[in-house]
Amino acid sequence: MIGCLHRTVKLRKMGELVQPTFRVDAAACQARGLQAGAATPPPAWPKKKDLASAGHVYVYPDAMPAAVAAPAPTEAGAAVYDEGGFCSLLSWSPALDPIAAKPWRLAEVAYGYVKEHPYELAVLPLGATEPHNLHLPYGTDTFEAEHLSDEACRAAWERGARVVLLPAIPYGTETNQMAFPLAMNLNPSTLHLVIRDLVDSLAHHGIRKVVLFNSHGGNDLKPLLRELYGKTPVHLFLFNWYHAVRDAYHQIFEHADDHAGEAETSLLLAWRPELVLRRPDGTLAADEGATLPTRFEAINRGWVNITRPWHLLTTNSGAGNPHAATAEKGRRLAALVAERLAAFLVELSHATLDERFPF
Ligand SMILES: [Zn+2]
């Protein structure tokens with residue numbers, strides 16, 4: 001058989017065996033005096049550096065290598081040719097494509113992958129946009145939501161969980177922080193509606209297990225779980241990461257952290273140290289994160305709850321002393337969060353939704 005031009009290969013998914021899509025370019029065949037649809041011996045599998053990259057679509061270079069007689073594994077991958085010379089299967093090292101090697105990230109995978117690789121559960125990260133003392137960025141909670149959930153999903157994926165990580169919601173409830181400039185508020189009812197619509201979307205797409213990964217104390221999401229219970233086929237789980245590691249907190253940190261303190265500063269030092277402001281002497285450009293008591297003992301002792309007006313509670317929005325923070329402490333905390341959530345995600349992914357679930 002002669003005349004077929006294997007010209008374009010779409011790798012729907014790097015990192016595991018895939019069935020590539022071949023497009024026969026009729027015009028190119030004609031230009032070369034070949035008959036479209038018939039087969040020539042296939043080209044040698046090109047090396048990564050020889051491929052022109054366009055997102056996840058890899059196109060053979062126009063100048064085809066000479067014919068090869070047999071499957072030709074290379075450092076880039078391996079192609080298996082059938083008797084007619086068609087390439088039917090190839091493998092690809094995930095190390096060659098760091099983006100496509102993270103198939104749990106919905107924002108980074110294509111429909112060509114998703115349509116053939118259904119997910120079992122979803123993780124929705126929730127952050128906030130608000131001041132964090134004088135030294136941490138406004139996106140601190142969103143960075144935490146993104147980094148920590150991504151690390152957990154990666155670990156779970158590598159253990160076989162079919163988990164998809166949704167893009168983070170970068171806004172949260174800030175009604176009590178509005179005295180600070182550019183704290184960006186979504187009222188609880190608004191935030192609940194946004195999450196409800198996203199849960200409805202997931203339900204529509206057949207996903208029945210959803211974990212809300214919350215990184216902002218002002219996001220009060222348990223009432224939403226209560227409200228949606230019985231009204232959605234989705235089983236909702238709430239993971240407030242700062243609650244999930246409470247028992248181990250003082251094994252890592254010296255000072256309690258309510259907001260922008262030692263823990264949050266350590267996390268940012270681990271991931272984005274260039275965003276943590278320092279004074280010329282190298283110390284953090286932050287105050288001590290001291291907080292003031294109210295005039296009522298019952299409130300100060302936690303017998304009575306209020307929404308704390310943050311500008312009266314703090315000096316510069318920080319609640320918790322950040323000065324003992326280190327990147328190493330941040331890495332330890334992140335690893336602990338990821339491990340605890342990843343173990344749950346693996347179990348959840350494999351769990352059967354029977355009548356007594358989750359009992
Ligand atoms: Zn925060």
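Reader: Which residue of S9 stands opposite Ala-122?

Author: The model is predicted. In it, strand S7 covers residues 121-126 and strand S9 covers residues 209-214; the two run parallel and are joined by six bridges. The residue of S9 opposite Ala-122 is Val-210.

Reader: What is the order of the strands in the open sheet?

Author: Strands of a sheet pair through backbone hydrogen bonds, either parallel or antiparallel. Here the open sheet has four strands with parallel pairing. Strand S8 (163-165) and strand S10 (235-240) are the edge strands, each pairing on one side only, and the twist from one strand to the next averages 20°. The order is S8-S7-S9-S10.

Reader: At what angle to S9 does H4 run?

Author: Helix H4 spans residues 188-204. H4 lies across S7, S9 and S10. Its angle to S9 is about 150°.

Reader: Is Leu-198 buried, partly exposed or exposed?

Author: Leu-198 is found in H4. Its C-alpha atom is separated by 8.9 Å from that of Leu-124, 74 residues apart along the chain. Being buried takes 20 or more other C-beta atoms within 10 Å, and being exposed takes 12 or fewer. Leu-198 has 16, so it is partly exposed.

Reader: Why is helix H8 largely enclosed by the rest of the structure?

Author: Helix H8 runs over residues 262-271. Its buried residues include Glu-262, Glu-264, Leu-267 and Leu-268, and what covers the buried residues includes helix H3 (140-158) and helix H11 (327-350). H8 is largely enclosed because nine of its 10 residues are buried.

Reader: How are H8 and H11 oriented to each other, parallel or perpendicular?

Author: The axes of H8 and H11 are 7 Å apart, and the helices pack at an angle of about 100°. Angles of 65 to 115 degrees count as roughly perpendicular. H8 and H11 are therefore roughly perpendicular.

Reader: How many of the residues in the contact of H8 with H11 are nonpolar, polar and charged?

Author: From H8, the contact takes in Ala-263, Ser-266, Leu-267, Leu-269 and Ala-270. On the H11 side they meet Ala-327, Lys-329, Gly-330, Arg-331, Leu-333 and Ala-334. These residues divide into seven nonpolar, two polar and two charged.

Reader: Among contacts between residues at least 6 apart in sequence, what share joins residues at least 24 apart?

Author: The protein chain has 11 helices and 10 strands. Buried residues make up 34% of its 359 residues. Of the contacts asked about, the share joining residues at least 24 apart is 73%.

Methods: Residues numbered from 1 in each chain as written. Predicted model: local features only at pLDDT ≥ 70, side-chain atom pairs only at ≥ 80, totals over all residues. Contact = placed C-beta atoms within 7 Å. Axes fitted to C-alpha atoms, helices over the stretch in contact; angles between N-to-C directions. Parallel < 35°, antiparallel > 145°, perpendicular 65-115°, else oblique. Nonpolar A, V, L, I, M, F, W, Y, C, P; charged D, E, K, R; others polar. Pairing = 2+ DSSP bridges.
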